[in-house]
Amino acid sequence: MTKRALKRQLREGAFDAGQFTGDDKIRRLPVDRGWSPLAHHNSNDERDQGYLKTIKAKSPGQEELIKAIDAKNLVMALGPAGTGKTYLAIAKAVEALESGSVGRIVLSRPAVEAGESIGYLPGDAEDKLAPYLRPLYDALSDRLSMKRVRALMAEGAIEIAPVGFMRGRTLNNAFVVIDEAQNCTYTQLKMLLTRLGWHSTMVVTGDPDQSDLLPEFSGLRPVAEKLEAVGNIAVVRLADRDIVRHPLVAEMLGVL
């Protein structure tokens, strides 16, 4: 069969593979199935197709914090900016939720203005509080996709709330993270710590040297000093050597 006849039969839909069972030679081009996920998986069964960010300590202080979270139900992480306090706490919270160790994540942060006032911004209370809670969303979105974060928030598996909304609650079967605790008063911290319920873990993070409150009003330092004597509570103090941001951060904090 000539090439012209073959093209005509293909165009008219009259192609019959049985016509080529004789001695006619058909040149077949190799088919590259490299883009097929199934074919790629079968060609390399040992390759892990899943993508999972694992938590890895980058300093001795971070390693101590991770071990403390695994061992204790109440952990206080104190240290300068950039030491990964909030990130590690939220990463461990996501890990506990994904493994089924807890039923929900509760993230709380004091709504304290750092020199600026946003009360004039339009919107309801949730819209006005969004800038304060943005760092928590950022840490969550780094561990989970924003689509999954929204889905988990819609079903109540993740809750983000300011400190003022925590009074009177009992948090059972939850992983609780209290962020920026240096902006909480002694009374607020006492209230937050006593929210801890059964089968729950609480991590309190903050930098006593960067409070937006007057030094006599911030309760993080005195609370940490008192709880350090309690054996079932871990107080982890991170230092400048644990900073994992730009090296200039550690240098600046050393002179500021």
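This is a predicted model: local features need pLDDT of at least 70, side-chain atom pairs count only at pLDDT 80 or more; totals for chains, interfaces and linings use all residues.
1. Arg 109 counts as buried at 13% relative accessibility, where buried means under 20% relative accessible area, exposed over 50% and partly exposed in between, with a 1.4 Å probe and protein chains only. Arg 109 forms a salt bridge with Asp 179, the closest N and O atoms being 2.9 Å apart. The two partners lie in distant parts of the chain, 70 residues apart, with Arg 109 in strand S2 and Asp 179 in the loop between strand S4 (174-178) and helix H7 (186-193). Asp 179 is likewise buried, at a relative accessible area of 3%. A salt bridge here is a side-chain nitrogen of Lys or Arg within 4 Å of a carboxyl oxygen of Asp or Glu, while helices (H or I, at least four residues) and strands (E, at least two) are DSSP runs, numbered from the N terminus.

2. Residues are numbered from 1 along each chain as its sequence is written, and side-chain values use heavy atoms, with hydrogens and water left out.

3. As to confidence, the mean pLDDT of the protein chain is 80, and 72% of its residues reach 70 or more; pLDDT is the predictor's confidence in each residue, from 0 to 100. Confidence is lowest in helix H2 (residues 37-43), at a mean of 43, and highest in strand S1, at a mean of 97. Over residues 14-52 the pLDDT is below 50, and this stretch has 18 contacts in the model beyond near neighbours in sequence, a contact meaning heavy atoms within 4.5 Å.

4. For the chain as a whole, the secondary structure comes to nine helices and six strands, and 38% of the 256 residues count as buried. Among contacts with a separation of 6 or more, 73% are between residues 24 or more positions apart.

5. Strand S2 (residues 104-109) also holds Ser 108, which is buried, with a relative accessible area of 0%. Leaving aside residues up to four places away in sequence, Ser 108 touches Leu 136, Ala 161, Pro 162, Val 163, Met 166, Val 177, Ile 178 and Asp 179.

6. Glu 98 forms a salt bridge with Arg 148, with the closest N and O atoms 2.7 Å apart. This pair links distant parts of the chain, Glu 98 in helix H4 and Arg 148 in helix H6 (residues 146-154), 50 residues apart. Glu 98 is partly exposed, with a relative accessible area of 45%, and Arg 148 counts as partly exposed at 36%. The side chains of Asp 209 and Arg 221 meet in a salt bridge as well (2.9 Å, N to O). Here Asp 209 stands in the loop between strand S5 and helix H8 (220-227), and Arg 221 is in helix H8, 12 residues apart. Asp 209 counts as exposed, at 63% relative accessibility, whereas Arg 221 is partly exposed, at 39%.

7. Pro 80 lies in the loop between strand S1 (74-78) and helix H4 and is buried, with a relative accessible area of 11%. Apart from residues up to four places away in sequence, Pro 80 touches Lys 85, Asp 207, Leu 238, Ala 239, Asp 240, Ile 243 and Leu 253. Pro 80 and Ile 243 are 163 residues apart in sequence, yet 7.6 Å apart in space, C-alpha to C-alpha.

8. The largest pocket holds about 570 Å³ of space. Its lining has 26 residues, of which Gly 84, Lys 85, Thr 86, Tyr 87 and Arg 245 lie nearest its centre. A pocket is found on a 1 Å grid over the protein atoms alone, as an open set of points where a 1.4 Å probe fits, with protein on both sides within 12 Å along at least five of seven lines, and lining residues have an atom within 4 Å of a point. Grid points are joined across faces, edges and corners, and the volume is the space filled by probe spheres set on the points.

9. Helix H4 (85-99), helix H5 (125-143) and strand S5 (201-206) each supply at least two residues of this lining, and H4 gives the most, with four residues. The lining divides into seven nonpolar, 10 polar and nine charged residues; Ala, Val, Leu, Ile, Met, Phe, Trp, Tyr, Cys and Pro count as nonpolar, Asp, Glu, Lys and Arg as charged, and the others, Gly among them, as polar.
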